Amino acid sequence: MGARSTRLGARLLCTAAIALSVSACSKPKQAAAPPFVATTVASFGTISPSESLAGIVAPYENVAVQSSLSEPADSVDVQEGDVVRKGQVLAQLDTADLQAQLSSDMATAQSNGANTSHAVFQGSLTIAQGQDTLHQAEATLLNDSTNLQRDLNLLKQGYISQQSVDQQQAVVRNDEAAVASARSTVAANGSLSGQGLQSSSIQQSRAQEQVALAQADQVRVQIAKATITSPIDGVVVNRNLNPGEYPGNRQLFTIQQMNPVYAILRASSSQVTGITVDAPAVVEVAGARDLRVPGKVAGVLNQIVPGSTDFIVKVLLPNTDSKLRSGMAVSGTVAKPSLRGVRVPVTAFVDDNHNTVLTVGSDGIVKTVPVREIGNDGSTSVLAGVTPGTRVVSNGQSSVGDGERVSYQP
């Protein structure tokens, strides 16, 4: 009885198992859920784009100091690395021969000045003598003309001979010639302040005096140039003159003005587009994260080498604490003009050229949409090709494709 009950129970259990198995096989399978993707709704707004550029620090001015004199150096007062002020003496050249030349030129000028005074007095005397001679000749002519007129009257009355009248007429003609000669002399002498021989002699003497004074002034200029001074505030980065050496034609000193300074940043044609003069910028020194200096764009220079696509952006930076040095490698962030338009995350682009995004319709179907990026600020892009309110896949590199159904967080 016990064995029979056991076999019956086993058959019942097997039958139940088979029923459950048949029931499980006959139940339909559930469809797989669509993949979930993060999305962003495109919105209209403003971004502030910028460009990150690399470059180096350059001095505000780099001045090469030379001398046109051929005098030896008496002293050199600065060393490389010295900070100098505008007008500070860098070196002094010997001026002994120049001082001697100046003395000679001044003596010549004084001699010419004395000659001018002599010419003035001599001219005055000559002019006065010429006028006296003219007056005397005119008086003699007047007297002899009067006598001739009297003789002509006496000839008519028969008191004198024709020969006496002829003689008197000859005297008058001689007097007239003397007056004409005296007048020519007076005209030739002229006046001291006008035209004439005496005035020209004085002018010539004065010109010689002025030439000597001009030569003296030239020597004074050369003497002044013998004191070599710094044309700017800056740092001496090169000294190429020692006491006793002649300057020659070589560069004697190089001085760099280091406050302010320039950051010379290199940019491609696409990067330089939109960068304007006076645009704000921040420059960081490579390897010194705490050294960040704000400045502004001083200029955007065209291609470095003709035919290339390399440009230079010059950023003017204050350097009152002298932490920036010429030649330091730096990176700069240069602001571009703000952009307004439809915004999406930079990560929404499918391709590296930022020409395509994935949109999700209300039915959850993914669609590939061509777009054109106008600009970005590193995290957000402004683009054309989609309208505000369009739902965009936040990560364009996600593994979903065109026409695929997805789920998302509304």
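Student: I'd like to start with Q110: is Q110 buried or exposed?

Tutor: Q110 is exposed, with a relative accessible area of 57%. Keep in mind as we go that this is a predicted model. Q110 has its place in helix α2.

Student: How far apart are Q110 and L317, in sequence and in space?

Tutor: Along the chain, 207 residues separate Q110 and L317, and their C-alpha atoms are 57 Å apart in space. For another pair, take V342 and Y246: they are 96 residues apart in sequence, with a C-alpha to C-alpha distance of 70 Å. V342 lies in strand β14, residues 339-345, and counts as buried at 8% relative accessibility.

Student: What about D77 and L90, how many residues lie between their positions in sequence, and what is their distance in space?

Tutor: D77 and L90 are 13 residues apart in sequence and 5.2 Å apart in space, C-alpha to C-alpha. You'll find D77 in the loop between β4 (73-76) and β5 (83-84). With a relative accessible area of 44%, D77 is partly exposed.

Student: Back to helix α2. At what angle do α2 and α3 pack?

Tutor: Helix α2 spans residues 96-157 and helix α3 spans residues 162-189; they pack at an angle of about 160°, and their axes are 8 Å apart. Angles over 145 degrees count as roughly antiparallel, so α2 is roughly antiparallel to α3. The crossing of the two helices is left-handed.

Student: Which kinds of residues make up the contact of α2 with α3?

Tutor: The contact divides into 14 nonpolar, 12 polar and 6 charged residues.

Student: Now the aromatic rings. How should I read a pair of them, and how many aromatic pairs does the structure hold?

Tutor: The general idea is that a pair of aromatic rings is described by the distance of the centres and the angle of the planes. This structure holds 1 aromatic pair. Its members are Y60 and Y262, at 5.4 Å centre to centre with 20° between the planes. Planes under 30 degrees apart count as stacked, so this pair is stacked. The pair links distant parts of the chain, 202 residues apart: Y60 is in strand β3 (residues 50-65) and Y262 in strand β9 (residues 253-268).

Student: Are Y60 and Y262 buried or exposed?

Tutor: Y60 is partly exposed, with a relative accessible area of 34%. Y262 counts as buried because its relative accessibility is 14%, and the cut-off for buried is under 20%.

Student: Which charged residue has its end over the ring of Y262?

Tutor: That is K314, whose charged end sits over the Y262 ring, 4.0 Å from the ring centre.

Definitions and conventions:
Residues are numbered from 1 along each chain as its sequence is written. This is a predicted model: local features need pLDDT of at least 70, side-chain atom pairs count only at pLDDT 80 or more; totals for chains, interfaces and linings use all residues. Side-chain values use heavy atoms; hydrogens and water are left out. Rings of Phe, Tyr and Trp (its six-membered ring) pair if their centres lie within 6.5 Å; planes under 30 degrees apart count as stacked, over 60 as edge-to-face and the rest as tilted. Helices (H or I, at least four residues) and strands (E, at least two) are DSSP runs, numbered from the N terminus. Buried means under 20% relative accessible area, exposed over 50%, partly exposed in between (1.4 Å probe, protein chains only). A charge sits over a ring if NZ of Lys or CZ of Arg is within 6 Å of the ring centre and within 35 degrees of the ring normal. Axes are lines fitted to C-alpha atoms, for helices over the stretch in contact, and angles run from 0 to 180 degrees between N-to-C directions. Angles under 35 degrees count as roughly parallel, over 145 as roughly antiparallel, 65 to 115 as roughly perpendicular and the rest as oblique. A crossing is left-handed if the near helix is turned anticlockwise from the far one by less than a right angle, and right-handed if clockwise. Ala, Val, Leu, Ile, Met, Phe, Trp, Tyr, Cys and Pro count as nonpolar, Asp, Glu, Lys and Arg as charged, and the others, Gly among them, as polar.
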